[in-house]
Amino acid sequence: MTDVPTSTTHGSPAVEPSLHRVMGPWLLLLFIVGDILGTGIYALTGQVAKQVGGVVWLPFLVAFVIAVVTAFSYLELVTKYPKAAGAALYAHKAFGIHFITFIVAFAVMCSGITSASTASRAFAANMSHAFNLGLESGIGITLIGLAFMAIVAAVNFRGVGESVKANVVLTCVELTGLLIIIFIGLWAIGAGEGDVSRVTQFSTAPDRTAFWAVIGATTLAFFAMVGFEDSVNMAEETQDPTRIFPKILLLGLLITGVIYVLVSISAITLVPPEQLGEGETPLLKVVEAGAPNFPLEIFGFITMFAVANSALINMLMASRLVYGMSREHVLPTALGKVHHTRRTPYIAIGFTTLLAFALITFVGEVPALGGTTALLLLCVFTVVNIAVLVLRKDPVKHEHFRTPTFLPVVGALACAFFAGPWTGRDPIQYTIAGVLIGIGVLLWFVTVAVNRATGVSPAEPTMEDIGGGGPVN
């Protein structure tokens, strides 16, 4: 993503130089791991434990399997169309219907906003807990979250250039925090502290069986796996992507899956599930229980740094997607205005920030916001898995990765299943998602009416406007 949105002329052929293939396997691996690690595991481990008890690792494992199956679909698409990255563009290539393309793009945008709102809430809670501010819940956390989001908007407006090198540094910070948790857990287990037997103990609500408790918890845990789809942006900059990209993406998913399981085991060994599920700072409780002499301020800073990075990147993505959809004439043209000095899409930034303010103020709770992110992306991934099968009728001349046919079928069915109300998903998540998508549909029809009055037609979507993978953790 660039600080200065560039303009394109639709319908006119333009020869653009190809991107420099600078990413080898190790740099790509760090990029993928960095996109997946983050807010989900830092903020939602306790909420997952609240639903299933000691087997908190199991929903993360199930979420990992779903992510891997869907990753196979992305691998076929990204190696088949290395320049047409992103769920919305894959949907357009498969179905060719502007409204479907718009809904997918807007859902991805909304998932970025809900993810950033989750991160802002987690930032506020960890800041309060680490620095003994005494603002464990309520208006205090909300105000810190709003202030934090305002700072993100200001940085977004000023313009931030992203680079792979910066991602490496941020990945190391996020990874360090999780390795600290794993080390503390292993040290405690080796010293005979904690209760390892909890890792096999189910503790569910009286009206739920263990199976449905795991299913319900997986709908939350899936939020921790998002980010792998964003790595499709790096395919054109990867050395020999057809050969390297599939192996590295799957390895990145495996590494994060193992880390999540180990973090979950460490957490539940040291902190009982009922305590782990209280509040919004589960991993800080693990540090307190397993290493009481460890300075909480340091771990709190690591957590805040990790989720702050997630919030900024997601709000950058969301505002640029809104800007891009405006340029495609599927959202009001006012949302595509660029500030004359900062060269950033200030109206789009304001629009997405207002939506985030509303979510932080009126929803607030991390499980509802994180669960809504997972819900939106599960719907998007369902479309992507179907698109793979549809696009089998569109052969290309170059060699590309081909996933076994049964995997997109399983992926589509699994993602659709976990998006359904039968999972026990909190109804508030459907309300949030419905309101957000409803705002998009309303803006779509307003734009269509204006387009008809002025004789403008929606432009064909391009990589520059609505390309991209999706939110990161």
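In which kind of crossing does α14 pass α15? The crossing is left-handed, a term used if the near helix is turned anticlockwise from the far one by less than a right angle, whereas clockwise is right-handed.

## Basis of the description

This is a predicted model, in which local features need pLDDT of at least 70 and side-chain atom pairs count only at pLDDT 80 or more, while totals for chains, interfaces and linings use all residues. Residues are numbered from 1 along each chain as its sequence is written, and side-chain values use heavy atoms, with hydrogens and water left out.

## Helix α14 and helix α15

Helix α15 covers residues 406-418, and α14 packs with it at an angle of about 160°, the two axes lying 8 Å apart. Here axes are lines fitted to C-alpha atoms, for helices over the stretch in contact, and angles run from 0 to 180 degrees between N-to-C directions; helices are DSSP runs (H or I, at least four residues) numbered from the N terminus. The two helices are therefore roughly antiparallel to each other, the word for angles over 145 degrees.

On the α14 side the contact (heavy atoms within 4.5 Å) includes Leu378, Phe381 and Leu389, and on the α15 side Pro408, Val409 and Phe418 are among the residues involved. By class, this contact has 11 nonpolar, 3 polar and no charged residues, where Ala, Val, Leu, Ile, Met, Phe, Trp, Tyr, Cys and Pro count as nonpolar, Asp, Glu, Lys and Arg as charged, and the others, Gly among them, as polar.

## Helix α5 and helix α14

Helix α14 (residues 366-390) also packs with helix α5 (residues 98-130), at an angle of about 155° and with the axes 8 Å apart, which makes α5 roughly antiparallel to α14. The crossing of α5 and α14 is left-handed. Among the residues that make the contact are Val104, Thr114 and Arg121 of α5 and Val366, Leu376 and Val383 of α14, and by class the contact has 11 nonpolar, 8 polar and 1 charged residues.

## Aromatic pairs

Across the whole structure, a search finds 18 aromatic pairs, counted where rings of Phe, Tyr and Trp (its six-membered ring) have centres within 6.5 Å, with planes under 30 degrees apart called stacked, over 60 edge-to-face and the rest tilted. One of them is the tilted pair of Phe102 and Trp444, at 5.1 Å centre to centre and with 35° between the planes. This pair links distant parts of the chain, since Phe102 is in helix α5 and Trp444 in helix α16 (residues 427-454), 342 residues apart. Both Phe102 and Trp444 are buried, that is, under 20% relative accessible area, with exposed meaning over 50% and partly exposed in between (1.4 Å probe, protein chains only).

The rings of Phe123 and Phe148 have centres 4.3 Å apart and planes at 15°, so this pair is stacked. Phe123 belongs to helix α5 and Phe148 to helix α6 (residues 139-158), so the pair ties together parts 25 residues apart in sequence. Phe123 is buried at a relative accessible area of 13%, and Phe148 counts as buried at 10%. Elsewhere, Tyr74, Tyr90, Phe222, Phe228 and Phe381 form one aromatic cluster.

## A covered helix and a loop residue

Helix α11 (residues 282-290) is mostly covered, as 7 of its 9 residues are buried, including Pro282, Lys285 and Gly290.

His329 is found in the loop between α12 (296-327) and α13 (346-362). Although His329 is not a glycine, it has a positive phi of about 65°. Most residues other than glycine have a negative phi. With a relative accessible area of 26%, His329 is partly exposed.

Technical notes:
Parallel < 35°, antiparallel > 145°, perpendicular 65-115°, else oblique.
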